[in-house]
Structure formats: structure tokens, C-alpha cells
Amino acid sequence: MKPLRNGSRNLTPKQRSHEMGISARQLPVRLAPYPDEVLSSWIIRHAAFYAVPPLAMLQHCLPEVQSLRTSDLDITESQVVRIARMFSADPATGLRMTFSNIAQSSRRLIASEPRQLCCSCSPITNELQPVLRSRFLGWRITCPLCGNLLQNTDGVPAPLPSVDITIVPL
């Protein structure tokens, strides 16, 4: 392509978006996110639908992101906007699917893999099971969606924390 006088090139919209690392085309099929679903789970479900590896789907949307875990923990607002555009979704929905609302100092308390589940809210479908954000938050006792007690991933109810109460006479 021939450079213009000012040194820039005359790029078509598709060329411009690819140079910026943004795909101009939305995916033709959009899978709706489940309530409380984590972003990486949503990406994995799309990848399964299109029969591509999850990391390939992520890097198709965000070439600079190297892992699915990064998409949950350390994604920027502009990256959320790009992935939401790719999946034809509202950026606010995409942002709620991440752990960006958790303080940086507390992110080390987020489990590296799902540790618990809610038997009431875990959707039972014929497709790939979504992973909910609450499954990574070990400090939660109850489900944020329905309020039922969470269980360990082995199906055993999580032990309730013990609290010592001392009554002091007035």
C-alpha cells in the first residue's frame, strides 16, 4: 500500500482494526452469559460452540491476553469493551463477569480453580456447564444468587465457620 504524504497509510476499516489488534467482525452466534458466570467460562462456551481451543478464541478477541485466568483477573476496561463487541454484549455485562470489583490486595484470595458450588443455581443443561464467579470465592458461605449454602466441589456441604461468643455482664 502506498504511503500518504504525511507518512501514514490509507487503511480500510478492516485493516485498521487488525493493526490495532481488534477484530472488526462480531461472532455470528452469541451465547448469552449466565447470571454470575465468569468471563473465562463464557469464552470457553463460545470456543466449544465454534470447535476451537479456548485460548485461540480468547486470542482471537484479545491477542495480547495470554491466559484465560488473566481475562478474569487482570483485564482492562478497553479489553472488556472489545470482547463485549465481539460477543455482541453490553460492556457492563462483561465487566461484571470479571473480578475487577475485588481489590488488588484481595485477589490472592481468589481460588485458581472452582472450589465450591450452589446446587440450586448451577444450571443443568445439555451444553458445557458455565462456571460461576462464586465458585472461586472461598470466603463466601452462601450463594450470591439464591442465598442457599454453598457446597464443596465434592458435594459435601462446606463447614460453617465457628464463632466464639463471650457474654460480658454489664
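Reply: A residue is called buried when its relative accessible area is under 20%, exposed when it is over 50%, and partly exposed in between. In this predicted model, both Trp 42 and Phe 87 are buried.

Me: Why is Cys 61 called buried?

Reply: The cut-off for buried is under 20% relative accessible area. Cys 61 has 3% relative accessibility, and therefore counts as buried.

Me: What makes the pair of Trp 42 and Phe 87 edge-to-face?

Reply: Ring centres must lie within 6.5 Å to pair, and planes over 60 degrees apart count as edge-to-face. For Trp 42 and Phe 87 the centres are 4.9 Å apart and the planes stand at 70°, so the pair is edge-to-face. Trp 42 belongs to helix H2, whereas Phe 87 sits in the loop between H5 and H6, so the pair ties together parts 45 residues apart in sequence. The structure holds three aromatic pairs. Another of them is formed by Phe 49 and Tyr 50, also edge-to-face, with 5.0 Å from centre to centre and 85° between the planes.

Me: Are Phe 49 and Tyr 50 buried or exposed, or what lies in between?

Reply: Phe 49 has a relative accessible area of 47%, so it is partly exposed. Tyr 50, at 25% relative accessibility, also counts as partly exposed.

Me: How do you know that the span of helix H2 agrees with its number of residues?

Reply: The expected span is 1.5 Å times one less than the number of residues. With 12 residues (39-50), helix H2 should span 16 Å; the C-alpha atoms at its ends are 17 Å apart, which agrees. Just after H2 comes Ala 51, with a positive phi of about 55°.

Me: Which residues of H2 are buried, and what covers them?

Reply: Leu 39, Ser 40, Ser 41, Trp 42, Ile 43, Arg 45, His 46 and Ala 47 are the buried residues of H2. Their cover includes helix H3 (54-61), helix H4 (68-73) and helix H5 (77-86). In H5, the buried residues are Gln 79, Val 80, Arg 82, Ile 83, Ala 84 and Met 86, and they pack against H2, H3 and helix H6 (91-96).

Me: What makes a set of residues a nonpolar core, and which residues touch the most other members of the largest one?

Reply: Such a core joins buried nonpolar residues through side-chain atoms within 4.5 Å. The largest nonpolar core has 17 residues, of which Leu 39, Ile 43, Met 57, Cys 61, Leu 62, Ile 83 and Phe 87 touch the most other members. H2, H3 and H5 each give two or more residues to this core, and H2 provides the largest share, four residues. A second, separate core has seven residues, including Leu 73, Ile 110, Phe 136 and Leu 137.

Terms used. Residues are numbered from 1 along each chain as its sequence is written. This is a predicted model: local features need pLDDT of at least 70, side-chain atom pairs count only at pLDDT 80 or more; totals for chains, interfaces and linings use all residues. Side-chain values use heavy atoms; hydrogens and water are left out. Buried means under 20% relative accessible area, exposed over 50%, partly exposed in between (1.4 Å probe, protein chains only). Contact means heavy atoms within 4.5 Å. Rings of Phe, Tyr and Trp (its six-membered ring) pair if their centres lie within 6.5 Å; planes under 30 degrees apart count as stacked, over 60 as edge-to-face and the rest as tilted.
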